[in-house]
Amino acid sequence: MPHLETWLKVLPNGLYCEPGGFFIDPVRPVDRAVITHGHADHARAGHRAVLATADTLAVMRARLGEGNAGLSQQALGWHEPVTVGDVKVWLSPAGHVLGSAQVAMEYQGSRAVVSGDYKRTGDPTCAGFESVPCDVFVTEATFALPVFIHPPPAHEIRRLLDSVALFSDRTHVVGCYALGKCQRLIALLRQAGWDRPIWLHGALASMCAVYQQRGIDLGDLRPATVAAKAALVGAIVLAPPGAIADRWVRRLEDPVVALASGWMRVRQRAKSRGVELPLVISDHADWNELNATLDDVAAPEVWVTHGREEALIHAAAKRGIRGRALRLLGYGEEDEGEQAQGEQVQGERHDEAADLHLPR
């Protein structure tokens, strides 16, 4: 079997499958792209041909416009094989956001799986993660430090609802990213018994509409921007992370400012953003989930990208797994409310390791 390095290569445009002639989540426009999910650091405009799940293509059209989501678009169902060039390709659920997929590839007897962004905690708004045994596993490592152990999301939702009950004369505003986190919070609140209206900042409404069009029931959603101040007393309002620190929040009655993100595990981040109620709810795998996945896929080699490569590679080595840091640039953490990308992200990660008193 040819080694993966002979046919899966890191190029300036991103990860390239040479015998298939396609890039996976390329950072620049290319002729042929396979897209794992719809976040802007993975799904960019201008590709000639795009292959993805039907849900991801719907998200891309809503975010980028019909003409920018790929001149030609091919939707694949779960585990539906297709031959691209000389490579067999199929998609398996990643559990990150609606439509998010892992890209599985087979070429001359060897198999590689690119995880994209993923989580293993259940999410009522998207298909759950599935482990795919392979020869090389290309994994994200956003929260690949032992300190990042995410609590159960139901626990964090209960903290939010307890705060709403305690401060019933105030408005709770929760910062969350427009694609994935917003809809997951709504679904988790519904599961916890919150059947009252949930109010939305205008920037979140269009993606909620896409979810509902794709069959995800989110219940009674109302625009917060046009609501009377008194109507929002005791209510839950969702807004983009940037809005909770903006003058927009002044329209709310004595707001309790919350932010839902895996980064809320870092107290300094919550404090610097003026977050009164940090909610540790992440759409990325935590340290335990990352390590469990290495065990499940049983790959003798793991390639680590856009995250804390060194810690996960060290953990892999203890299992006898060869590790490689890809150090792909252009992938930020847009879905966790972080707008930094590329080298800036790496700098923030080093700063954060210092804040946590952890080795870099």
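Biologist: What do β5, helix α1 and β6 make?
Modeller: Together they form a right-handed β-α-β unit, with α1 spanning residues 54–64. Right-handed means that, with the strands pointing away from the viewer, the path from the first strand over the helix to the second runs clockwise. Helices (H or I, at least four residues) and strands (E, at least two) are DSSP runs, numbered from the N terminus. The model is predicted: local features need pLDDT of at least 70, side-chain atom pairs count only at pLDDT 80 or more, and totals for chains, interfaces and linings use all residues. Residues are numbered from 1 along each chain as its sequence is written, and side-chain values use heavy atoms, with hydrogens and water left out.

Biologist: How many bridges join β5 to β6, and do they run parallel or antiparallel?
Modeller: Four bridges, and the two strands run parallel. β5 is residues 49–52 and β6 is residues 72–75. Two strands count as paired if DSSP finds at least two bridges between them.

Biologist: Which residue in β6 is the bridge partner of Ala-49?
Modeller: Ser-72.

Biologist: Switching to the six strands. What order do they take in their open sheet?
Modeller: β14-β13-β15-β12-β16-β17, with parallel pairing. At the edges sit β14 (221–223) and β17 (277–279), each pairing on one side only. Neighbouring strands are turned by 30° against each other on average, direction ignored.

Biologist: How many bridges are there between β12 and β15?
Modeller: Four, in the parallel sense. β12 runs from 172–175 and β15 from 236–239. His-172 has Ile-236 of β15 as its bridge partner.

Biologist: Which strands does α3 lie across?
Modeller: β12, β13 (198–200), β14, β15 and β16 (256–260). Its direction is about 165° to β13. Axes are lines fitted to C-alpha atoms, for helices over the stretch in contact, and angles run from 0 to 180 degrees between N-to-C directions. Contact means heavy atoms within 4.5 Å.

Biologist: And α4, which strands does that one lie across?
Modeller: β13, β14 and β15, running at about 120° to β13.

Biologist: At what angle do α3 and α4 pack?
Modeller: About 65°, with their axes 9 Å apart. That makes α3 roughly perpendicular to α4. The cut-offs: under 35 degrees is roughly parallel, over 145 roughly antiparallel, 65 to 115 roughly perpendicular, and the rest oblique. The α3 and α4 crossing is right-handed.

Biologist: Which residues make the contact?
Modeller: Cys-182, Gln-183 and Ile-186 from α3 meet Leu-204, Met-207, Cys-208 and Tyr-211 from α4. By class that is six nonpolar, one polar and no charged. Nonpolar covers Ala, Val, Leu, Ile, Met, Phe, Trp, Tyr, Cys and Pro; charged covers Asp, Glu, Lys and Arg; the others, Gly among them, are polar.

Biologist: Now the seven strands. What order does that open sheet have?
Modeller: β7-β8-β9-β10-β11-β18-β19, with mixed pairing. The twist averages 25° from one strand to the next.

Biologist: Are β8 and β9 parallel or antiparallel?
Modeller: Antiparallel, joined by six bridges. Pro-93 is partnered by Ala-101 in β9.

Biologist: Which strands does α6 lie across?
Modeller: β11 (136–141) and β18 (301–307), at about 170° to β11. α7 lies across β11, β18 and β19, running at about 160° to β18.

Biologist: At what angle do α6 and α7 cross?
Modeller: Roughly 40°, and their axes come within 11 Å. The pair is therefore oblique. The crossing of α6 and α7 is right-handed. Trp-287, Leu-290, Asn-291 and Leu-294 of α6 touch Ala-311, Leu-312, Ala-315 and Ala-316 of α7. That contact has seven nonpolar, one polar and no charged residues.

Notes. Left-handed = near helix turned anticlockwise from the far one by under 90°.
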